[in-house]
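Good morning, and thank you for making time for this presentation.

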Amino acid sequence: MENATNQAAAIKGGEFLIKETSPQDVFIPAEFNEEQRMMAQTCKDFVQDEVMPLLDRLDNHEEGLMESLMKKAGELGLFAVSIPEQYGGLNMDFNTALLVTESVGGGHSFPVAFAAHTGIGTLPILYFGTEEQKQKYIPKLVSGEWMSSYCLTEPGSGSDALAAKTKAVLNEAGTHYILNGQKMWITNAGFADVFIVFAQVDGDKFTGFIVEKDYPGLSLGNEEHKMGIKGSSTRQVFFSDCQVPKENVLGQIGKGHLIAFNILNIGRIKLGAATLGAAKSVANISIKYANERVQFKLPISKFGAIRHKLAEQAIRIFGVESALYRAGTDIDRMEQELLASGKGENEALLGAAREFAVECAILKVEGSEALDYVVDEGVQIYGGYGFSADYPMDRAYRDSRINRIFEGTNEINRMLIVDMILKKGMSGELDLIGPAQAVQQELMEIPDFGDQEEGLFVSESKAIRNLKKAILLVAGTAVQKYMNSLAKEQEILMNVADMAIKTYVAESTLLRVQKLVGMKGEEAVANEIDMVRVLVNDAVDISFVAGKEAIAAMAEGDEQRLLFMGLKRFTKKELFNTKEARRRIAARLIEANEYVY
């Protein structure tokens, strides 16, 4: 399936920092077709009808319950979206896969099991397996006959995934690898039929294996007692002389890192989609409760403090959604470009996701932190009832917290965002040097004291351009000062990442709203215009603080004063009444009694 916008030329990952994008070149949710909307509704209905009534029983780990829900989802075709037809799939595009992930995202523990199975549990075989492996496993995983799990993390490895100590030794007969070691935090372990396992061959060759649950030597620990996502199965997996047939090596010996890292790119952006779905669900609950709860003889939705919270929930959700489907379309386009160049289907999607690894990391961070904001304020809107386990915010609050740790911690992802952009610049994949030098030159020139143009988004567009200059200013200074030791300056990398994240989300939202104005007219999207203006306003403020912290840490004296003067120039923006904008946004939510954007 191909969207109309997929005909535009693909840009490079990270290129948003130095290149302007036309609103006509982004895909926005308003453009989903009828088939995609029906697929999304099927997922939402499944969660609402099948999952939500069972949440307490799922959290108590009722034997076989999550597995039965997963099998029902497989029978409905929910696992088949992005799988080629020859293996029983529907072969839909990447944005449709993101939409499906978003649409199950409000199901608390269920989307965790769902994502682990359809993503990291299935895709390694699809993208790196032999044809025999694909024919054997993929159809059963797609139908839900078999369930899958992904075994990477070990007790001592944490974020350093390649530090695995699980060993694999080829037996004397040359027929089986003998695995010894343990994995922890393994989602779906309690009912998985297939495990994707990483181990060191000959001590230092990090390699993937397909391990079936009945292979001799595989055993499971007890279910973990977790803060949240209690309904998902999370266990340790032990390998004691576990016999794995030689033909179950996944990919090449010593190339397991290619599987782990490439699958993580897809996992990160899909996590952004899942958190988006969860945030919309919590926003709906927040709005309804605010309309129902009466204090001082008025619904609390009448009070400005509550309206601020409801509006900010919506603004952050809208921003994540805008960035998500912009990035998803970029991945789709790059995939089509790679296919046209002669790449195979699997290589094309992996290559496209790898190209946009920066954007995938941005969506992971922004999505998980937006959801954390939404659930935290959801608890606050509920007041004392929000702290009660008898009300829905308790579970939502606890379930949200894992997302800042899943798929690489947000700290790791922030550092990766900057590291990947800089590496692209140093390799010549992105021309960062030219724009960075232009920023340095601009600091020597007389500032532009006013907008000469007129139009709806002139101020916002200029603010976005200047935010990109601020990023180049701070990042360029960091590279010049620290060179090869920059990786040790994690605080500065985090500052630059925050600037890049907020700029990407604000620009994505601006492009979406510009396109909506063209489709529906300015009056019809007045609230969306308010949202983009608030987002840009806040992105400028956040970038100023982050940039100021970085400059203060990197420079002194005249250099510091010059850099700070440049930062102030690039984060200067006219005042905007965000209070009234948020009130207008909230009024529409309150009237509709649900999230409507």
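This is a predicted model: local features need pLDDT of at least 70, side-chain atom pairs count only at pLDDT 80 or more; totals for chains, interfaces and linings use all residues.

Let me begin with a question: by class, how many nonpolar, polar and charged residues does the lining of the second largest cavity have?

The protein contains 19 helices and 10 strands. Its radius of gyration is 24 Å, close to the 25 Å that the globule rule gives for 597 residues, so the protein is as compact as a globular protein of that length. The C-alpha trace spans about 80 × 60 × 45 Å along the principal axes. Of the 597 residues, 57% count as buried. If we take contacts between residues at least 6 apart in sequence, 77% of them join residues at least 24 apart.

I turn now to the cavities. The structure holds two cavities of 30 Å³ or more. The second largest cavity, with which I opened, has about 30 Å³ of space. Its lining consists of Phe79, Ile83, His117, Thr118, Thr122, Leu141 and Val142. To return to my question, four of these residues are nonpolar, three are polar and none is charged. Helix H5 and helix H7, the latter covering residues 131-143, each supply at least two residues of that lining.

The largest cavity has a volume of about 100 Å³. It is lined by Leu78, Phe79, Val81, Ser82, Ile83, Ala97, Val100, Thr101, Phe114, Thr118 and Lys270. That lining divides into seven nonpolar residues, three polar and one charged. Helices H4 and H5 each give at least two residues to the lining of the largest cavity, and H4 provides the largest share, namely three residues.

The largest share, seven residues, comes from H1. By class, the lining of this pocket has 21 nonpolar, eight polar and 14 charged residues.

Let us move to the strands. Why can strand S5, residues 205-212, be described as largely enclosed by the rest of the structure? Seven of its eight residues are buried, so the strand is largely enclosed. Strand S4, residues 194-201, pairs with S5 in the antiparallel sense over eight bridges. These two strands form a hairpin with three residues between them, and aspartate 202 in the turn has a positive phi of about 55°. S5 is also joined to strand S8, residues 249-250, by two bridges, and this pair again runs antiparallel. Phenylalanine 209 of S5 takes part in both pairings: it is the bridge partner of valine 197, and it stands opposite valine 249 in S8. As a general point, the side chains of a regular strand alternate between the two faces of the sheet.

Serine 109 lies in the loop between H4 and helix H5, which covers residues 110-120. Is serine 109 buried or exposed? Its relative accessible area is 3%, so serine 109 is buried, the cut-off for that class being under 20%. Leaving aside neighbours within four places in sequence, serine 109 is in contact with Asp59, Met66, Ile229, Lys230, Gly231, Ser232 and Asp399. One of these deserves a remark: isoleucine 229 is 120 residues away from serine 109 in sequence, yet the two are 4.7 Å apart in space, C-alpha to C-alpha.

Lysine 548 has its place in helix H17, residues 526-554. With a relative accessible area of 37%, lysine 548 is partly exposed. Leaving aside neighbours within four places in sequence, lysine 548 is in contact with Phe564 and Leu567. Lysine 548 and tyrosine 597 are 49 residues apart in sequence and 34 Å apart in space, C-alpha to C-alpha.

That concludes my presentation, and I thank you for your attention.

Note on methods:
Residues are numbered from 1 along each chain as its sequence is written. Side-chain values use heavy atoms; hydrogens and water are left out. Buried means under 20% relative accessible area, exposed over 50%, partly exposed in between (1.4 Å probe, protein chains only). Helices (H or I, at least four residues) and strands (E, at least two) are DSSP runs, numbered from the N terminus. Two strands pair if DSSP finds at least two bridges between them. Ala, Val, Leu, Ile, Met, Phe, Trp, Tyr, Cys and Pro count as nonpolar, Asp, Glu, Lys and Arg as charged, and the others, Gly among them, as polar. The radius of gyration is taken over C-alpha atoms; the globule rule is 2.2 Å times the number of residues to the power 0.38. Contact means heavy atoms within 4.5 Å. On a 1 Å grid over the protein atoms alone, a cavity is a set of points where a 1.4 Å probe fits but cannot get out, and a pocket is an open set with protein on both sides within 12 Å along at least five of seven lines; lining residues have an atom within 4 Å of a point. Grid points are joined across faces, edges and corners, and a volume is the space filled by probe spheres set on the points.
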